[in-house]
Amino acid sequence: MKASVLTGQHYISGDVACAEGALAAGCRFFAGYPITPATEIAEHVAKRLPEVGGTFIQMEDEIAAMAAVLGASWAGKKSMTATSGPGFSLMMENIGLGICTETPCVVVNVQRTGPSTGLPTMGAQGDMMQARWGAHGHYEIIALAPSSPQEMFYLTITAFNLSETYRLPVLIMSDEIVGHMSERVTIPPSKEISTSSRPRPKGRKDRFKLYKPGPNGVAPMPSVGEGFRIHVTGLTHDEKGYPVLTAETQEEMMARITGKIRKNLGDIIQTEGYRLDDAEVVLISYGVSARTSLAAVDLARKHGVKAGLLRLITIWPFPEDPIRRLAERVKGFMTVEINMGQIHLEVQRCVGRKTPAVLVGHPGGAIISPDHVYEALKEAF
Amino acid sequence: MTEKRSKAKERSGHPLDDLLREDRIPHIWCPGCGIGTAFSSCLKAIRSSGVEPKNVVMVSGIGCSGRAAGYVNLDSFHTTHGRAIPFATGLKLANPVLHVIVFSGDGDLFAIGGNHLIHAARRNVDMTVICVNNFNYGMTGGQVAATTPKSARTTTTPFGNPETPFSLPHIAYASGATYVARWTILHTREIAKSVEEALLKKGFSFIEVLSPCPVNYGRRNRESSLETLKIYQDKTIIKNGAHPSSVDIDPEKGIILGKFIDVDRPTCKEMYDKICRSE
């Protein structure tokens, strides 16, 4: 067996860094289907997983990949898949099953331009709302947006930790540019990597209730083959896991699967501020667009404009509070994202009507350059 | 567990009670439906196989047969429509100790889930797939299926079915299944024997069980449940070892039943361990 944590300095792509982050987090099962620009993740774990006692399988499509990931998770393995837009669409129904059955797993979407086959395979950030609402029904989800290969490594570990702690599929919403760019990535010694595992049941097996929540709202999770005789269904179910098809049971189940996220926002949400202290205009961005926005902030400052950047690391649940707090003191906001205004809708919602919020969007296929952001900023404010 | 089992016996005296979630009974299946018979034969096989119940897991998709996982007192999963097999593949590959049974219907396994079935058979994932074939979509009120006989009437073929049905054993065999059998719900002992053999066999096993659906299929094709059973009694011919390409379902000429295929080839996991973990 080889090391699962490749401690040291590496010059690797975001996709490969994501794969190594997964292994460092304890991922031992990957089911996938080839799709540019996410394929390198599958290729890398196809080689690495058997080296560390894990299993890789290329399934017949993304629907099957997502189903296999859920099955492997219930067998007790930390499991994941990686895809891009078209595959993400196909995975949606089983992501919904994962939410309903509270199944920990990680789904990476290295975004490319859509709709449909779009511009294969140039970068975009057009699946952000699909990440929020792509499966049918109402639910809460966790989605993270890495801005660099180094962050692809770390946020993949964070994604596994959150998925295990809160028992749900956690989405990594990367993009083609971050996925394909190569940079220096530092992998720390394994003892410096903190990993979480799903809460485990204690007490008598015959009295065990599969969905009876613990103190943080999350129910302990047994694995198949441990003698708990669990029943897991995508039908509306009670605490025992049994289908009970009533509005009352639906209400209880929804309170649990949404409550466990809403009650723990402080533990889940991460943002990063850049030159915000005296900022009068705040750029809000994520992923690759946060990198160009950061350069635009410096450019604006050079020209005497007091700009700052709020980088969203967590996209869902949406970081409402940091934006609301900023809205109390700054003159304006500008959302920078490679779509025609998705996260901008959320920004507008949080900012309210008193403070102007402007979108610098892009239909996809290219990054938004710092110059472009600065010009837009000059024009708007 | 043994204490629980003896208590269950005391109460009802039925030897399979321990494998049933009694608190989930009554089941949803209609009077005259055959799914329950296929299900109880499956439970008998689990018991007689001697496999430790904690290592047996049942996975179902969506549909009438898909409700089976909700009644079995084992680790059990009721997944999305058509996706029981890839879910089961994940379970099995992540914990090879498990004996994985997929219990579902013809619509779930061969229409929406057809792609997964052929690939699991090709890979030879070690699992037992039991397909209750009732020739139509029962849960949604009797629509045409990939198994509906030519000319048969369903709610979506009001003039009769213009399409040709699949032969399920033939597909399973052609895709690489190492065990293929077909029975009807009249053949309870044979089903149980096949399921037991399949459970103990390493490889992808497929068992088709023909079943009446009197409420939806039978009603529209002038066939009561009893008449369907009469056909199963009079028109079935047991031909063990018959080539799967020749196993017709023809109420006039005959319905071919039997254990058609029982061969050995390395499983998905065996090949993965041999080729990918060799270093």
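In the predicted model, the contact between the two chains takes 31 residues from chain B and 36 residues from chain A, two residues being in contact if their C-beta atoms, placed from the backbone, lie within 7 Å. On the side of chain B that touches chain A, two or more residues each come from strand 2 (75-78), helix 3 (84-94), helix 5 (114-123) and helix 10 (268-276); helices (H or I, at least four residues) and strands (E, at least two) are DSSP runs, numbered from the N terminus. Helix 3 of chain B gives the most to this side, with 8 residues. The residues of this side comprise 13 nonpolar, 13 polar and 5 charged, where Ala, Val, Leu, Ile, Met, Phe, Trp, Tyr, Cys and Pro count as nonpolar, Asp, Glu, Lys and Arg as charged, and the others, Gly among them, as polar.

Strand 10 (residues 231-233) of chain A runs parallel to strand 2 of chain B, joined to it by 3 bridges; strands pair if DSSP finds at least two bridges between them. Opposite Thr233(A) stands His78(B).

The largest nonpolar core has 201 residues, and Ile142(A), Leu91(B), Val102(B) and Ile130(B) have the most contacts inside it. Such a core is a set of buried Ala, Val, Leu, Ile, Met, Phe, Trp, Tyr and Cys residues joined through C-beta atoms within 7 Å, buried meaning that 20 or more other C-beta atoms lie within 10 Å of a residue's own. Helix 3 (residues 62-74) of chain A gives the most to this core, with 10 residues.

Residues are numbered from 1 along each chain as its sequence is written, and chains are lettered from A and ligands numbered from 1 in the order in which they are written. For this predicted model, local features need pLDDT of at least 70 and side-chain atom pairs count only at pLDDT 80 or more, while totals for chains, interfaces and linings use all residues.

How values were computed. A residue is buried if 20 or more other C-beta atoms lie within 10 Å of its own, exposed if 12 or fewer, and partly exposed in between; C-beta atoms are placed from the backbone.
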